[in-house]
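Student: I would like to learn how to read a model like this one. Can we take it feature by feature?

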Amino acid sequence: MPDPSLLSKNIWIQGALPTMGPFFGINSFKGMAYHQIKDVDPSYFPAKPILDSLQWQKISDYFYSEAPDYLPLQDKDVSKVKILPFFTVELPKSQSVFGKVSMTSYVKIDTTINPHRIIVNDAMAQKLYIFDKNLNILSSNTNNSLVTDIDFQNGQTLGCNIGETLEANNQRKGSVSLMSINKSGTVTIGEKIFSALARPVKVTHADLNNDGKMDYVISQFGNVIGDLSWMRNKGDDTYEKIILKNKPGAINTIIDDYNKDGLKDVWELFAQGDEGISVFTNKGNNIMEERQVLRFPPSYGSTSFDLVDFNHDGYKDIIYTCGDNADYTPILKPYHGVYIFLNDGKNNFTQKYFYPINGCYKAIARDFDGDGQIDIAAISFFPSSLQPEEAFTYLKNNGNFNFSPYKLPLGTPFEKGITMDVADLDGDGKLDILLGNGYYSSDESNKHIEPLFIVLKNKTQ
């Protein structure tokens, strides 16, 4: 049961409960029409209420009476956030990728070719750009729609397309297709390998059953429909779909043989209501057994996770972010931010660290300065209007889980971070950071424009 203190009184009554009601067959209450989801089969929701009005009144009264009038502020001293000294900001050379709306769905530092290059998908124009390492445009490709992931393999590349729009829906118009990018940056889209997918956001390759044929795990985020699917390769270009979990919100997949039994296991972050991180242990014979290792309330809005050994004890810990604030409870939440959960060696995880960032969308943990300590780069798509610098936060690890926070220089045209990648762009042996913008402005009088992306070049010694 969600803790009433997660949301304010008004948000429970006006946002959360009207969203919950239809799942109990309650579509209105005391003259208030509840949220209706139209683009899904009506049978998904109960045709008649399964709770009576008295029961629903008790639930509403409980949350309203127990919830605070307002949520507390972040437990963060913003005066301690200093200007970032370890990186220099570089912008794209062409003004054609600057605008009042600069929305990316995918960014990547492509290290499969030398010199390295940058791949950026413009979600609004539905163009896939290729830039050289100096941020000059190599090509602009308009036949790719909404790329959310690219799966690079030896001799084969697959593009994951979420569908017709980034906005939440229950359509099955997503796909995974063969694609190629030549040396000049021209992108060619081949045949669809998988189609009729529910807003896929991630495709991951692995031979999960050790039969010598490449399988795929697809995170179909969906909306109220969606699932985590194992596409088992049967040979002759045919696949059997094995549903690992028939719930929406699958957002990130990591393949890792955590128990060292020679069989690859699947880790997955689920958002979208029933939120948490699960490990699907490979039992052989095409059987996966799920164990949820962490669970989070729906208001957390889970956005990313990774497996990183922070304390160098040989067991991978979890770095996790939450901050999706676009749905029915759009208020600042002091529990949004970056979390580190330590592994006890048996995949039991305990929170060790938290740094609050409003609307946090992704974190990447690497040793950026070569001191043996793992630092953190984080972005926010929903920063506080009073803290626009939350769009990017660099947490330098000083040891013993003591991190110093840094922000971008004032005036950097990057106010909403939606995606990010880390790699050595210029080949100097140091990790650079590629930030995908999620900037938009509905103010017609506002002439401010921002680029699709910026690069933070690593200048640490």
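Student: Does Asn400 count as buried or exposed?

Tutor: This is a predicted model, so keep that in mind throughout. Exposed means over 50% relative accessible area. Asn400 has 79% relative accessibility, so it counts as exposed. Its place is the loop between strand E28 (392-397) and strand E29 (403-407).

Student: What is the phi of Asn400?

Tutor: Phi is positive there, about 55°, although Asn400 is not a glycine. Asp236 gives another case: its phi is near 55°, again positive in a residue other than glycine. Asp236 sits in the loop between strand E16 (227-235) and strand E17 (238-245). With a relative accessible area of 76%, Asp236 is exposed.

Student: Which residues does a cis peptide bond join?

Tutor: Look at omega. For the bond between Asn114 and Pro115, omega is about -10°, and the bond is cis. Pro115 belongs to the loop between strand E6 (101-110) and strand E7 (117-122).

Student: What does Asn347 touch?

Tutor: Set aside residues up to four places away in sequence. Asn347 then touches Tyr258, Trp267, Arg291 and Val293.

Student: Where is Ser302, and what surrounds it?

Tutor: Ser302 is in strand E22 (residues 302-308). Its relative accessible area is 2%, so Ser302 is buried. Not counting residues up to four places away in sequence, Ser302 touches Ile251, Leu269, Phe270, Ala271, Glu275, Phe296, Tyr320, Thr321 and Cys322.

Student: Which residues have the most contacts inside the largest nonpolar core?

Tutor: Start from the core itself. The largest nonpolar core has 62 residues. Those with the most contacts inside it are Trp267, Ile277, Ile318, Tyr320, Phe392 and Ile433. Helix H1 (residues 9-20) gives the most to this core, with 4 residues. A second, separate core has 19 residues, including Val338, Ala363, Ile376 and Phe401.

Student: What is Ile277 in contact with?

Tutor: Leave aside its neighbours within four places in sequence. Ile277 contacts Trp267, Glu268, Leu269, Arg291, Gln292, Val293, Leu294, Phe296, Phe305, Ile318 and Tyr320.

Student: How many helices and strands are there?

Tutor: The protein has 2 helices and 33 strands. Among contacts between residues at least 6 apart in sequence, 50% join residues at least 24 apart.

Student: Why does the radius of gyration agree with a compact globule?

Tutor: A compact globule of 461 residues would have a radius of gyration near 23 Å; the protein has 22 Å, which agrees. The C-alpha atoms fill a box of roughly 65 × 60 × 50 Å along the principal axes. Of the 461 residues, 56% count as buried.

Student: What of the surface and the charges?

Tutor: Take the surface, then the charges. The accessible surface comes to about 20700 Å², and 49% of it belongs to carbon and sulfur atoms. There are 44 positive and 56 negative side chains, and the centres of the two sets lie 2 Å apart.

Definitions and conventions
Residues are numbered from 1 along each chain as its sequence is written. This is a predicted model: local features need pLDDT of at least 70, side-chain atom pairs count only at pLDDT 80 or more; totals for chains, interfaces and linings use all residues. Side-chain values use heavy atoms; hydrogens and water are left out. A nonpolar core is a set of buried Ala, Val, Leu, Ile, Met, Phe, Trp, Tyr and Cys residues joined through side-chain atoms within 4.5 Å. Buried means under 20% relative accessible area, exposed over 50%, partly exposed in between (1.4 Å probe, protein chains only). Contact means heavy atoms within 4.5 Å. The radius of gyration is taken over C-alpha atoms; the globule rule is 2.2 Å times the number of residues to the power 0.38. Accessible areas come from the Shrake-Rupley method with a 1.4 Å probe; for residues, only the protein chains shown count as cover. Lys and Arg count as positive and Asp and Glu as negative; His and the chain ends are not counted. The place of a charge is taken as NZ of Lys, CZ of Arg, CG of Asp or CD of Glu.
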